[in-house]
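Please open the model in your viewer and keep the selection tool at hand. The tour below goes from one selection to the next and says what is there.

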Amino acid sequence: MVPEKKNFSHNDLDTLRSRVIVERDRVTSTASTDFPHNYPGQDLAWDFEKFKESFKLKINKLSKTEMEFDMIGIDAAVANAFRRILIAEVPTMAVSNVFIMNNTSIVVDEVLAHRLGLVPILADPTKFDFKGKEETPTDLNTIVFKLQVTCRRNPNAAEGETDPLKKYIHANVYSGDMKWSPQGDQAERFKECPIKPVFDDIVVTKLRPGQEVDIEIHCEKGLGQDHAKWSPVATASYRLMPEILINGEITGEAAVRFQKCFPEGVVDVVKENGVKKAVVVNPRKDTVSREVLRHAEFENKVKLTRVRDHFIFSIESVGAIEPQDLFVQAVKVLMDKTGTVKRSLQSTLQAE
């Protein structure tokens, strides 16, 4: 609740409501208080039209495996729901069963199976069904790989060669040695995008002449909440947008010292009328280390806050599904969840 204080200015109320205050030895105003009758003169009742006007999503970085975007105008609970869904509730295909016919490598069977289980698989999970515990494998719920590798000496290796990769053929067994074995009509269904490991250079085990592995690998559809191997992301995280407020001006050599309190690119020193002046240019690069609050000369000259409803969201995919598609799928999962809650409430009200 708002502390007892009379005659709050609009700015005071806005700071209490919309900012997390970062002080030298603590962080205050952390709880969300966006609900009616909590602040005098402010109507915070939920309104869908207002939400549509204030909500913004801006993509800042995008690659095959990484995405960073700003999500503005939502509560931390919603942002955290997306994070948890991305980690645990977006389905993927992963190794579920490993049938080892022969393994004479140095890696024991259990460890070898575990290593294979963590190899990300490039396959569209929407084209497969979940496989029940009592169901038999079919082309609709299972992907099959064969891993058959034997190590032998390289007849073309130089005399005295010590590098195993040159001295032997198949000294290392890589994820790229996993060969997809299409079942049913899978070859036709996936001819545009053949199923394979996401990365071909993951070392699975090592062999020496005479050693071999002969394995059949089955992949099934699953969720990260059941096992981490089904999680589609290496990480999904968010942080609040930092805000650096300078009271008055910081000039001269103090401006240079002020700049050094922040990571590179956050604060710039410019010259105005021949005088050096500190200017905040990119607060999103700030790590909120609070270094500037340790210096007495900047006491009461700077205020560090974080914008409560501005989230810098990062998704790092393992490569099976592109990050922008992962976020779309996370939105669909959240919509399904809210639909379930809505139907339950309607049933409860009808029952009453």
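The stops that follow cover an open sheet, a group of paired strands, a surface patch and a loop residue.

Before selecting anything, note that this is a predicted model, in which local features need pLDDT of at least 70, side-chain atom pairs count only at pLDDT 80 or more, and totals for chains, interfaces and linings use all residues. Residues are numbered from 1 along each chain as its sequence is written, and side-chain values use heavy atoms, with hydrogens and water left out.

**The open sheet**

Select residues 92–103, which are strand 5, and residues 179–180, which are strand 11; strands here are DSSP runs of E with at least two residues, helices are runs of H or I with at least four, and both are numbered from the N terminus. These are the edge strands of an open sheet, each pairing on one side only, and the order across its four strands is 5-14-7-11, with antiparallel pairing. Two strands are said to pair if DSSP finds at least two bridges between them.

Next select helix 4, residues 109–117, which lies across strand 5, strand 14 and strand 7 (143–150) and runs at about 150° to strand 5. For that angle, axes are lines fitted to C-alpha atoms, for helices over the stretch in contact, and angles run from 0 to 180 degrees between N-to-C directions, where contact means heavy atoms within 4.5 Å.

**Strand 18 and its partners**

Now move to residues 302–317, strand 18, which pairs with strand 4 in the antiparallel sense over seven bridges. Twelve of the 16 residues of strand 18 are buried, where buried means under 20% relative accessible area, exposed means over 50%, and partly exposed lies in between (1.4 Å probe, protein chains only).

Select strand 15, residues 233–246, and follow its 13 antiparallel bridges to strand 18, among them the place where Leu 240 stands opposite Phe 311. Strand 1, residues 19–22, is also antiparallel to strand 18 and is joined to it by four bridges; here Val 22 has Leu 304 as its bridge partner.

For strand 4, select residues 66–72: five of its seven residues are buried, so strand 4 is largely enclosed by the rest of the structure.

**The hairpin and the patch**

From strand 4, step back through the three residues of a hairpin to strand 3, and note that six bridges join these two antiparallel strands. Which residue of strand 4 stands opposite Ile 59? It is Phe 69.

Ile 59, in strand 3 (residues 56–62), is partly exposed, with a relative accessible area of 45%. Select Leu 57 and Leu 62 along with Ile 59 to see a nonpolar surface patch of about 260 Å².

**A loop residue**

Finally, select Leu 140, in the loop between strand 6 (121–122) and strand 7, which is partly exposed at a relative accessible area of 42%. Leaving aside neighbours within four places in sequence, Leu 140 is in contact with Phe 128, Asp 129 and Arg 189. Lys 127 is 13 residues from Leu 140 in sequence, and their C-alpha atoms are 7.7 Å apart.

Definitions and conventions: Patch = residues over 30% accessible without salt bridge, like charges linked within 9 Å, V, L, I, M, F, W, Y side chains within 5 Å. Areas by Shrake-Rupley, 256 points an atom, 1.4 Å probe, with all protein chains shown as cover. Salt bridge = Lys/Arg side-chain N within 4 Å of Asp/Glu carboxyl O.
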